[in-house]
Amino acid sequence: MDDRTSVPTGVFELPTVDTLTDTRDLLAHATKEAEKLNDYFVVDSDGHLSEFPFWQEIIGRMDNKVYRDMAKSFKDRPGSPPGLSNATPGMLYQDMFGRIPHQQRLGEKTPSSQHPMVTLTQRAMDTMGLDYMVTLPTPMLVLGMHPQPEIEAAIGQAFNAWMCEDMLPHEKRMINMIYLPFNDPEAALREVEKHAANPQVVGYMVTSTRYRPVHHDCYMKLYAAIEASGKPISFHSGFHWGDESMKQCNRFLSMHAISFVYYNIIHMTNWVINGIPERFPKLKSMWVESGLAWVPFVMQRLDSEYMMRTSEAPLLKRKPSEYMREMYYTTQPMERDNLELLEATFKAINAETQLLFATDWPHWDFDLPNSITQLPFLNEQQKRNILGLNAAKLFNLKVPEHKLGKPSLGPVGEAAAAQGITLSKGR
Amino acid sequence: MADVKVGRFDDIADGAHRVYATSGREVGVFRVGAKVYAWENHCPHAGGPVCQGRIFGRIGEELTEDKRSLGMFYTGQKHIVCPWHGFEFDVETGRHPGDEATRLKGFPAEVRDGDIWLKLPG
């Protein structure tokens, strides 16, 4: 709830947005849109926080005292850099050099009565009309490129402890996907086992920006544990300008556009061709923040090659695209300049049941719920599914009755309705 | 259409802008020399508060005669940049530099006796 004073009347001025602007003012236009969605269940399957402002708290949760002391030693350096992190602040161009202040920093005032991270997340949820938000880190998305696997494991462990024990208990609408320190499979397995029982932990996240073949035998125990938990594994993509291929791009735009898709294309290809869905048939996978246009591209490429070179993928019993149609995808950043292509993509991925809305807030290329509600080719129930009901099923979230929408008639009911027949309630 | 007085011309420095809200409508007023331009504070991309962004110089890229790049430079045109996603629009034409069809919605604006008047839908 916005507890500030009421809006003035007559002619009044609106201020220029900067890094101190209150989220509720910055997203005021989104709030007007959200008011139309009061009876929708909306889940943001990929929201973020900026962890560096809270870095001292996070590293304070490291189990290993040596690494903890190493990280803390940075506190007294000029600017208090985030000790042990491999992020490169001088090359974080996402805010377009001051054009997008919220990407740079959410420096607004927050009450002292609760942690600022909780307040900022609540404000984002309230202004955009979200029922739940998956809250994931930001600079840590590149932690998979850290040259020291043991440091990735230490930071990952600390972040998970901070998030699950210090943050989530304060807001039940915040849900989380555990950071998996994937360069150390044993450490990743420990994180799964440690947090599997937490109902606010709705899955496990591999940050895709890394050079690790996801089909390697060292991950089989991890996948078995995640499958047993019933929660999904997600591959959250990212960028890395230090990648030899990406170094060919001279603009952030070019590198960013390709990089986010590139890592998930590689991981998806290895995942499917090596038969991970056959080895772990109940393991649910989610592909996050790569947009959607790459999915039908990979489906077509892999199907085409698989039909000729079937002998190289002996674990598969179906075409690659058939496995991919059973996986889950998040919307953002959803390519929607060509609605015909987007509609074909929705059909290809069976969006009605497999697609999950995501904002990526507070990042520069965030999407709002109207990115789904305004699509002309979706019916009402499809919109509801994508905005939140698919996520409710996948994450086991309770949906209030008034947000369930019109109950599906099912094939018999639809056939009856088409003929003008009303079926009784008792059937 | 209704004439609405929103502020004083002298209150906006040359090259600057202000954003006014009145009767549920939000309008950015941009001053370029002796002229004023008024654009709706609604980005055609996602509905962001475009006029509450900052003004940046349009960036160009200079080429030699044989098409080698000499790097970036400011063209002298001014763009208002939406603070939500970075869409940018020429403050005089309301046009996105990369797409003729992506434009801000404009309103007639003029200066009378030092006051800025807008014609807004009633």
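Two strands pair if DSSP finds at least two bridges between them, and helices (H or I, at least four residues) and strands (E, at least two) are DSSP runs numbered from the N terminus. The legends below describe a predicted model, in which local features need pLDDT of at least 70 and side-chain atom pairs count only at pLDDT 80 or more, while totals for chains, interfaces and linings use all residues. Residues are numbered from 1 along each chain as its sequence is written, and chains are lettered from A and ligands numbered from 1 in the order in which they are written.

**View 1. Strand 1 of chain A is joined to strand 2 of chain B by three bridges.** The two strands, of which strand 2 of chain B spans residues 17–22, run antiparallel, and A:Phe12 has B:Ala21 as its bridge partner in strand 2 of chain B. The model carries an ipTM of 0.96 and a pTM of 0.94.

**View 2. The contact between the chains draws 17 residues from chain A and 19 residues from chain B.** Residues count as in contact here if their C-beta atoms, placed from the backbone, lie within 7 Å. On the side of chain A that touches chain B, strand 1 (12–14) and helix 2 (28–34) each supply at least two residues, and strand 1 of chain A gives the most, with three residues. That side of chain A comprises 10 nonpolar, three polar and four charged residues, where Ala, Val, Leu, Ile, Met, Phe, Trp, Tyr, Cys and Pro count as nonpolar, Asp, Glu, Lys and Arg as charged, and the others, Gly among them, as polar.

View 3. Eight bridges pair strand 5 of chain B with strand 6 (residues 69–81) of chain B in the antiparallel sense, and B:Leu63 stands opposite B:Ser69 in strand 6 of chain B. Chain B as a whole has zero helices and 12 strands; its mean pLDDT, the predictor's confidence in each residue on a scale from 0 to 100, is 97, and 100% of its residues reach 70 or more.

**View 4. Helix 8 (residues 185–195) and helix 9 (residues 220–229) of chain A have axes that come within 9 Å and cross at roughly 15 degrees.** Axes are lines fitted to C-alpha atoms, for helices over the stretch in contact, and angles run from 0 to 180 degrees between N-to-C directions. Helix 8 and helix 9 of chain A are therefore roughly parallel to each other, given that angles under 35 degrees count as roughly parallel, over 145 as roughly antiparallel, 65 to 115 as roughly perpendicular and the rest as oblique. Their crossing is left-handed, a term used if the near helix is turned anticlockwise from the far one by less than a right angle, with right-handed used if clockwise. Among the residues that meet are A:Leu189 and A:Val192 in helix 8 of chain A and A:Leu222 and A:Ile226 in helix 9 of chain A; the residues of this contact divide into seven nonpolar, one polar and two charged.

**View 5. Helix 12 (residues 294–308) and helix 14 (residues 339–348) of chain A have axes that come within 9 Å and cross at roughly 60 degrees.** Helix 12 and helix 14 of chain A are therefore oblique to each other, and helix 12 of chain A passes helix 14 of chain A in a left-handed crossing. A:Val295, A:Pro296 and A:Met299 of helix 12 of chain A make the contact with A:Ala344, A:Thr345 and A:Ala348 of helix 14 of chain A.

Conventions:
Two residues are in contact if their C-beta atoms, placed from the backbone, lie within 7 Å.
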